[in-house]
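Here is a short briefing to read alongside the model. Please keep the viewer open and follow the topics in turn.

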Amino acid sequence: MSAQGKETSEAQPNPKTGRERGEVIGGGLLWLAKWSLCIVAIAAGAWVLGTITGRLWVVILPVALAIVVTTVLWPLSHWLTKHRWPPALAATTTLLGFVALLAGVIALIVPSVADQSPELADKATDGVNQVRDWIQGPPLNIRDEQLDSAVDAIVTRLQSSGAQIANGVFSGVSTATSVLITVFLVLVLVFFFLKDGSRFLPWTHRVLGDRSGRHVEAVLERVWATLGGFIRTQAIVSMVDAVCIGAALFILDVPLAMVLTVITFVGGFVPMVGAFVAGALAVLVALVGNGLTTALIVLGVVIAVQQLEGNVLQPVLQSRSMELHAVIVLLAVTAGGSLYGITGAFLAVPVVAMIAVVIRYIGEQIDAATGSEPEEIDKPDVNDAVVGPTSPGASA
């Protein structure tokens with residue numbers, strides 16, 4: 001067959017499908033172009049959303065922290081409400097108890113820091129001198145003149161940066177003021193969330209209508225249950241870490257053991273990264289305060305506890321509450337920390353978990369629409385974890 005006849009035959013429609021190659025290729029390219037435009041539009045929307053979030057971070061941060069605190073305090077407040085306490089009184093009592101607990105923890109930590117800081121500073125100085133002696137010995141054999149010149153260079157650099165340091169002090173004062181304002185806003189928002197949280201979902205359902213409202217209500221219930229599950233299970237994991245590592249610190253008589261225990265508990269709320277940083281700090285304080293042997297023992301305890309967390313607690317508890325792979329958790333913490341610091345690292349995993357809930361729900365509705373399974377709006381049995389009843393009679 002000639003080349004012209006071959007080309008003519010390829011241009012003819014296939015008798016079995018009734019379609020020619022050009023039509024198939026054109027359809028594929030059109031499909032690819034359509035999805036490429038969709039991806040570009042989604043990326044542009046994500047960029048706009050990120051820009052708005054950055055501009056409104058001063059407002060979004062108190063709301064996000066208030067929601068997290070509310071998930072912790074809601075079971076107690078809801079229990080009081082079910083026992084015929086007025087919602088305002090139940091919210092006030094719960095919030096005051098939370099503030100009193102925080103104040104008690106701070107009051108317990110501050111004296112320990114004040115009493116042991118001078119001793120720790122002296123031991124740190126001794127440690128620096130030991131390092132200096134080691135540097136001067138073999139194999140480095142660095143002379144005193146070289147060390148003195150290095151110290152002089154550091155002092156000169158600090159003196160030349162005096163203006164920057166002064167500006168940092170003023171910005172620190174401004175930051176402290178901002179923190180106080182944020183804490184005040186968080187407490188106020190927590191009060192209203194506890195008091196009126198049961199009205200939010202019915203109000204949202206009523207505003208959006210039955211067709212859209214039922215989907216939004218189901219998604220918000222799942223998101224709330226996921227967030228509450230994350231906070232509760234992470235609190236259990238953090239408590240186990242703090243108790244085990246804290247017990248070792250007290251037994252070994254490590255300075256600032258109480259402070260390090262609290263830091264371990266708080267750091268546990270940042271999955272993977274927080275526990276590592278808290279453990280490293282505990283080992284460093286043990287090295288300065290008690291020497292190399294104690295530091296190695298603390299290091300062994302920290303590694304053992306993290307193995308328990310990573311191989312037993314996290315898979316059993318967190319997989320049920322979030323259903324996120326460890327790689328996603330690590331990337332989320334890294335991205336959140338790089339964008340918004342410690343607060344971003346703390347909030348990154350709950351945000352990603354809530355996004356995953358929304359994506360899974362959309363997938364379920366797609367399966368229902370394509371006939372893979374019957375359409376059904378599942379509402380998880382979260383009991384007191386859900387923000388209040390969702391009866392139509394509730395009002396905003």
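A salt bridge here is a side-chain nitrogen of Lys or Arg within 4 Å of a carboxyl oxygen of Asp or Glu. By that rule, the structure holds two salt bridges. This is a predicted model, in which local features need pLDDT of at least 70, side-chain atom pairs count only at pLDDT 80 or more, and totals for chains, interfaces and linings use all residues. Residues are numbered from 1 along each chain as its sequence is written, and side-chain values use heavy atoms, with hydrogens and water left out.

**Overall fold**

- The chain has eleven helices and zero strands; helices (H or I, at least four residues) and strands (E, at least two) are DSSP runs, numbered from the N terminus.
- Along the sequence, the pattern reads α-α-α-α-α-α-α-α-α-α-α.
- Of the 396 residues in the chain, 30% count as buried, where buried means under 20% relative accessible area, exposed over 50%, and partly exposed in between (1.4 Å probe, protein chains only).

**Salt bridges**

- Side chains of opposite charge can pair when their charged atoms come close.
- Lys195 is partly exposed at 26% relative accessible area, whereas Asp196 is buried at 14%.
- In the other pair, Arg222 forms a salt bridge with Glu364, and the closest N and O atoms are 3.0 Å apart.
- Arg222 is buried, with a relative accessible area of 12%, while Glu364 is partly exposed at 24%.

**Helix 7**

- Helix 7 covers residues 200-251 and has 52 residues, yet its end C-alpha atoms are only 49 Å apart, short of the 76 Å that a straight helix would reach at 1.5 Å a residue.
- That expected span is 1.5 Å times one less than the number of residues in the helix.
- A kink of about 140° is centred on Gly209 in helix 7; the bend at a residue is the angle between axes fitted to the seven residues ending there and the seven starting there.
- Asp253 follows helix 7 and sits in the loop between helix 7 and helix 8 (257-267).
- The phi of Asp253 is near 60°, a positive value in a residue other than glycine, and Asp253 is exposed at 60% relative accessible area.

**Helix 3**

- The 26 residues of helix 3 should span 38 Å at 1.5 Å a residue, and the 35 Å between its end C-alpha atoms agrees with this.
- Helix 3 has a kink of about 50° at Leu73, shortly before the proline Pro75.
- The buried residues of helix 3 include Leu61, Pro62, Ala66, Leu73, Trp74 and His78.
- Trp79 is also placed in helix 3 and is partly exposed, with a relative accessible area of 45%.
- The C-alpha atoms of Trp79 and Ala90 are separated by 8.7 Å, with the two residues eleven apart along the chain.
- Arg84 follows helix 3 and lies in the loop between helix 3 and helix 4 (87-136).
- Arg84 has a positive phi near 70°, in a residue other than glycine, and is exposed at 80% relative accessible area.

**Nonpolar surface patch**

- Trp47, Val48, Ile52, Leu56, Val58, Val59, Ile60 and Val63 make a nonpolar surface patch of about 720 Å².
- Helix 2 (21-55) and helix 3 (57-82) are the elements that give two or more residues to this patch, and helix 3 gives the most, with four residues.
- Patches are made of residues with over 30% relative accessible area and no salt bridge: like charges are joined within 9 Å, nonpolar side chains (Val, Leu, Ile, Met, Phe, Trp, Tyr) within 5 Å.
- Accessible areas come from the Shrake-Rupley method with a 1.4 Å probe, and for residues only the protein chains shown count as cover.
- Val58 lies in helix 3 and counts as exposed at 59% relative accessibility.

**Cysteines**

- The structure holds zero disulfides, a disulfide being a pair of cysteine sulfur atoms within 2.5 Å.
- Cys38 is partly exposed at 34% relative accessible area, and Cys244 is partly exposed at 32%.
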